[in-house]
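Have your viewer ready and the selection tool at hand.

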Amino acid sequence: MNPFRKNESKETFFLPVSTEEVPPRPPSLPKKPPPKICGSNYPLSIAFIVVNEFCERFSYYGMKAVLTLYFLYFLHWTEDTSTSVYHAFNSLCYFTPILGAAIADSWLGKFKVLSLVGLSLIALGTGGIKPCVAAFGGDQFEQKHEEERARYFSVFYLSINAGSLISTFITPMLRGDVQCFGGDCYALAFGVPGLLMVIALVVFAMGSKMYKKTPPEGNIVTQVVKCIWFAVSNRFKNRSGDITKREHWLDWAAEKYPKRLIMDVKALTRILFLYIPLPMFWALLEQQGSRWTLQATRMNGNLGFIVLQPEQMQVLNPLLVLIFIPLFDLVIYRLVSKCGINFTSLRKMAVGMILACLAFAVVAVVEIKINEMAPPQPGHQEIFLQVLNLADDEVAVTMQGDENNSLLAESIKSFQKMPHYSKLHLKTESKDFHFHLKYHNLSVYTEHSVEEKNRYSLLIREDGKSISSMMVKDTENVTTNGMTAVRFVNTLSKEVNISLGTNLPLSVGEDYGVSAYRTVQTGEYPAVQCKTEDDDFSLNLGLLDFGAAYLFVITNSTNQGPQAWKTEDIPATKISIAWQLPQYVLVTAAEVMFSVTGLEFSYSQAPSSMKSVLQAAWLLTIGVGNFIVLAVAQFSGLVQWAEFILFSCLLLVVCLVFSIMAYYYVPVKPENIQELADKQIPYMQRNMINLKTKNTKL
């Protein structure tokens, strides 16, 4: 017989349960200690995690190294659009860790996210990998090995930069030195990093039996949000002055949530508040793969002993990180400590911000120098014009304006190389110019249309016993990828196919056909193979210098066979890419002091249940920093050097704010959180008597 009648309600009162009533558990067997590396205190599982991180970072940074130039030269986007999409991708990669951390802490655990989700799906997997792998490695250490765990984060960061170092150097070579599908081999440049992701998955799976796998602790993100919401709403409902005030605003959640969770959320919110200024630092640091790479495309990569691709300058960052981490840990920080200076983690981060400000000041100086040495560009209602005389004798050229005034009057010898373009002013956006060509006793009048902001070449050619002319538009920015551009004019009566080391030959039409520009590697070209329908011959193009654009005229006026007459459309880049070295030194020192320290700081300050959440919050600041760059690139409208100065000044202001916040921050060790919780007033028990009872149907 059921002792309760149907639909009968009973009043139930909830009282705290004493822990003394719980029967003691039988003693558990002592756990077998995990295997160590060569008798040290480092778990063997760390080796698999570090190797996995190396492969995964090789894949990520290798792909990212060529991404901006892929947008710019393969998809033909503008520099601002390429920069914006690059940072939008980076921002997404650093926003998804919030989702990955929630899944890791509440559902699958760090191990399963990393292996099943993170490494299977690269795009979304970045969010699974980033917040978990560092914290997962930290979980492998016992509490008594804090020094080894702190050292692990440096080794972990070394593995990241070792993978970045190798991939950033190799991937651009796969793109530029290998030709496929008629151009740079982006397929291979993206394919090799993809293969490394497979290797990362295999290596990580091999160590699965050795890992110390912390079980998930419930949906921690949801708990945190609900706890904060309840505390705020509960405080708002109890605004009466008769109610006793509480020490912390989160203590208003004590009626519903356990003390441990409240203390964890307190620690979390303290650190999250400190994270507010951090995105501006990442806004500067993340531009190495976008704005700095674009700057390198306008510099000479020939260092004498090696020729660097523009994106290969990024290799300096991981290379210097590998040097600076032991230098700072073993030398600089110890010297500072011996001087009696308490160089805390937050102080290191502030100094890192200052170094990043200096780095961008140097970037701005280099940008100004590049602009000074760059060839001038036609502005509003302006054109640049050069006249090339391909006839066999001297030609007098006169160009007349609207009022029959002479705008240009030159006597040009046969195949005379012009020292520079002539600047001509227009009164409208487009204009028809009238030319008078005097050749021997002949006078030829011709008309050509031009548009503002363009470069043109007026080619004068023989036409039987007379002469004629044609206007050719010179393409701008054909060599901004740091390579060399060439084009050809074919004076022969047959089409010529020219092999320039690419899969597809360059075809130039007969009778003064003009080819499009073709980008090639810099260097000596003493014998370029050419073909007509009935003849094979070679052309000596000589040295094709870095960043230059050349025009070659194929002639056959001697008994030595076809020859190539060479003139320079765009001069070679003079400023060396080595001038970027100081800015990379400064920004890498800033990264070591800021990022490595912040990585360890985030883990050490994180409550045990929220380590991945706090790691994800740290990565989230990087995502916000990328979003800042995206917004500035799209909406600032500043010239590039002024944009660099803007970022430097903004970070300087943020550094001041962060220093003030850090001054009042008191670090808390995770093992002390429970001790602090035990000292708090047991609001839950004290206020339980004030709770209204509820009728519960049984």
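Start with the open sheet of four strands, which run in the order 14-13-18-19 with antiparallel pairing. Strands here are DSSP E runs of at least two residues and helices are H or I runs of at least four, numbered from the N terminus; two strands pair if DSSP finds at least two bridges between them. This is a predicted model, where local features need pLDDT of at least 70, side-chain atom pairs count only at pLDDT 80 or more, and totals for chains, interfaces and linings use all residues. Residues are numbered from 1 along each chain as its sequence is written, and side-chain values use heavy atoms, leaving out hydrogens and water.

Select 506–508 and 536–539 next: these are strands 14 and 19, the edge strands, each pairing on one side only. From one strand to the next, the twist averages 30 degrees.

Now pick 496–498 and 528–531, strands 13 and 18, which pair in the antiparallel sense over two bridges. Click on N497 and you will find K531 of strand 18 opposite.

For the last stop, show helix 1 (45–65) and helix 8 (186–206), whose axes come within 8 Å and cross at roughly 165 degrees. Axes are lines fitted to C-alpha atoms, for helices over the stretch in contact, with angles from 0 to 180 degrees between N-to-C directions. That makes helix 1 roughly antiparallel to helix 8 (the term for angles over 145 degrees).

Notes: Parallel < 35°, antiparallel > 145°, perpendicular 65-115°, else oblique.
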